[in-house]
Amino acid sequence: MEITPQILDEFKQRMHITHGAEDENLKRLLSFSYIYIQSKCGEFLLDENQTGKELVFERTRYVYNDAAEYFDDNFLSMINGFSIENIPVTTTTTEGDTNA
């Protein structure tokens with residue numbers, strides 16, 4: 001997924017980054033974090049899912065500050081909760097069921 005200028009700006013505001021010198025690096029870190037969180041929690045749209053965005057931003061913050069090894073432990077309950085919340089709902093029907 002392409003990191004939109006809006007997502008980048010939101011992250012920069014959160015991190016109090018006012019310059020544009022690191023924009024390409026931040027986009028790369030956000031993209032890697034998005035892929036990482038999706039691998040743990042399932043697919044979601046970054047601009048539509050607040051919990052997913054929060055996890056992506058927090059992981060990016062940890063990576064930016066060279067502390068990625070602490071992210072999983074510190075956000076384990078949030079990752080687990082989002083994984084459960086993000087499980088796709090499927091329905092099954094039995095053969096011949098006319099109420100499906």
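1. D66 lies in the loop that joins α3 to α4. In this predicted model, the phi angle of D66 is positive, at about 55 degrees, although D66 is not a glycine. Its relative accessibility is 67%, so D66 counts as exposed, the cut-off being over 50%.

2. H16 sits between α1 and α2, and its phi is near 60 degrees, a positive value in a residue other than glycine. Is H16 buried or exposed? With 70% relative accessibility, H16 counts as exposed.

3. A positive phi also occurs at the end of α2. The residue that follows this helix is G42, and its phi is near 95 degrees.

4. The protein has 5 helices and 0 strands, and from the N terminus on its elements run α-α-α-α-α. Of the contacts between residues at least 6 apart in sequence, 57% join residues at least 24 apart.

5. Helix α2 covers residues 23–41, a run of 19 residues. From its first C-alpha to its last it reaches 26 Å, close to the 27 Å expected at 1.5 Å a residue. Which residues of α2 are buried? They are L26, L29, L30, S31, S33, Y34, I37 and C41. In an α-helix there are 3.6 residues a turn, so residues three or four places apart point the same way. The buried residues of α2 pack against α1 (5–15), α3 (50–64), α4 (71–74) and α5 (76–85).

6. Helix α3 has 15 residues. Its reach from first C-alpha to last is 21 Å, close to the expected 21 Å at 1.5 Å a residue. The buried residues of α3 are G52, K53, L55, V56, F57, E58, R59, T60 and Y62; among them are the charged residues K53, E58 and R59. Against which helices do the buried residues of α3 pack? The partners are α1, α2, α4 and α5.

7. The C-alpha atom of P5 is separated by 32 Å from that of V89, a residue 84 positions away along the chain.

8. The overall dimensions deserve a remark. The radius of gyration of the protein is 17 Å, whereas a compact globule of 100 residues would have a value near 13 Å. Along the principal axes, the C-alpha atoms fill a box of roughly 60 × 30 × 15 Å.

9. On burial and surface, 34% of the 100 residues in the protein are buried.

10. The last point concerns charge. The protein carries 8 positive and 18 negative charges. How far apart are the mean positions of these two sets? They are 7 Å apart.

Definitions and conventions:
Residues numbered from 1 in each chain as written. Predicted model: local features only at pLDDT ≥ 70, side-chain atom pairs only at ≥ 80, totals over all residues. Heavy atoms only, no water. Helix = DSSP H or I, 4+ residues; strand = E, 2+ residues; numbered from the N terminus. Rg over C-alpha atoms; globule rule 2.2 N^0.38 Å. Buried < 20%, exposed > 50% of the residue type's maximum accessible area, 1.4 Å probe, protein only. Contact = heavy atoms within 4.5 Å. Charge placed at Lys NZ, Arg CZ, Asp CG, Glu CD. Expected span 1.5 Å × (residues − 1).
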